[in-house]
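Please look through the structure below before reading on.

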Amino acid sequence: MSRPPIASQMRLDRLLANMGYGSRKEMQGLAKAGRIVLDGAPVTDADRRIAVAPDLAQRMTVQGRPLDPPPGFALMLHKPLGVTCSHKEAGALVYDLLPGRWRMRDPAISTVGRLDKDTSGLLLMTDDGALLHRIISPRSHISKRYRVTLDRPMAGDEAALFASGQMVLEADDKPLLPAALETLSPTEALLTIDEGRYHQVRRMFAAVGNHVAALHRDRVGGLDLPADLPAGEYRLMGAADIEALFGA
Ligand code: URA
């Protein structure tokens, strides 16, 4: 499902309402009260059309606070264990790790693919449908790298099988694309895959008689999970991050 492109110019009341700040009427009230400031001057007319650009967050304040990221943004989250990549399942959700107001945004923020509840690591999120589709499109060849900890030592033939392009998982009809396995120790490896099938890494190791004890994604495309980003925290992505993501 493709979304319409994010408008480059928008009425101020609509922009802020879509960003979850409140109703358009409330935004008109805030503007009248001089509580919305752009480039140092109050914008008292909420009908005014505003150019929607990433730098608006540095140029506008709402009730004295810098504006949230304007529409068309992406972030990287260090997903902790135990949270689900879903908008509506029971229990802790990745969306709970973002500011509450961001839940009301239109366009909504979505995860770029999913990580299992029991998988930690780099998860991208965006409200930009075109960017999301570009990242997940097979044509973009965005690989994902996982650090895998296994219950049992590897047999030694896993790398060749995973790289073969001939491996068919139970309940699948198409073979997996070749995947690269780098062994770190008998029970630890880095696995790089170019697709994102359901529980793919766990199923690949189950197919060779092993069991994944812990799974952590440390890289997507050419973008590494920042070493200084603690589990449960997020960082907005800048142009250099997007370039790194597609540049691998
Ligand atoms: N493969 C899995 O099995 N789980 C994930 O979360 C990601 C890839």
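The model is a predicted one.

Two packed helices are described by the angle between their axes and the distance between the axes. Helix 4, residues 129-136, packs with helix 7, residues 239-247, at an angle of about 30°, and their axes are 11 Å apart. Angles under 35 degrees count as roughly parallel, and helix 4 and helix 7 are therefore roughly parallel to each other. Their crossing is left-handed. On the side of helix 4, the residues that meet helix 7 are Leu-131, Arg-134 and Ile-135; on the side of helix 7, they are Ile-242, Leu-245 and Phe-246. Sorted by class, this contact has 5 nonpolar residues, 1 charged residue and no polar ones.

Next comes the ligand. The residues around the ligand include Leu-115, Tyr-146, His-199, Val-201, Arg-202 and Leu-215. Asp-116, Thr-119 and Gln-200 also belong to this group. A polar atom in the side chain of Asp-116 is 2.7 Å from a nitrogen atom of the ligand. The side chain of Thr-119 has an N or O atom 2.9 Å from an oxygen atom of the ligand. In Gln-200, a backbone N or O atom lies 3.4 Å from an oxygen atom of the ligand.

Last, the backbone. Most residues other than glycine have a negative phi, and most peptide bonds are trans. Gln-63 is not a glycine, yet has a positive phi of about 50°. Gln-63 sits in the loop between strand 5 (60-62) and strand 6 (65-66). The peptide bond from Asp-106 to Pro-107 is cis, with omega near 5°. Pro-107 is in the loop between strand 7 (74-79) and strand 8 (110-111).

How values were computed: Residues numbered from 1 in each chain as written. Predicted model: local features only at pLDDT ≥ 70, side-chain atom pairs only at ≥ 80, totals over all residues. Heavy atoms only, no water. Axes fitted to C-alpha atoms, helices over the stretch in contact; angles between N-to-C directions. Helix = DSSP H or I, 4+ residues; strand = E, 2+ residues; numbered from the N terminus. Parallel < 35°, antiparallel > 145°, perpendicular 65-115°, else oblique. Left-handed = near helix turned anticlockwise from the far one by under 90°. Contact = heavy atoms within 4.5 Å. Nonpolar A, V, L, I, M, F, W, Y, C, P; charged D, E, K, R; others polar. Near = heavy atom within 4 Å. Polar contact = N/O pair within 3.5 Å; in protein donor to acceptor, adjacent residues only side chain to side chain.
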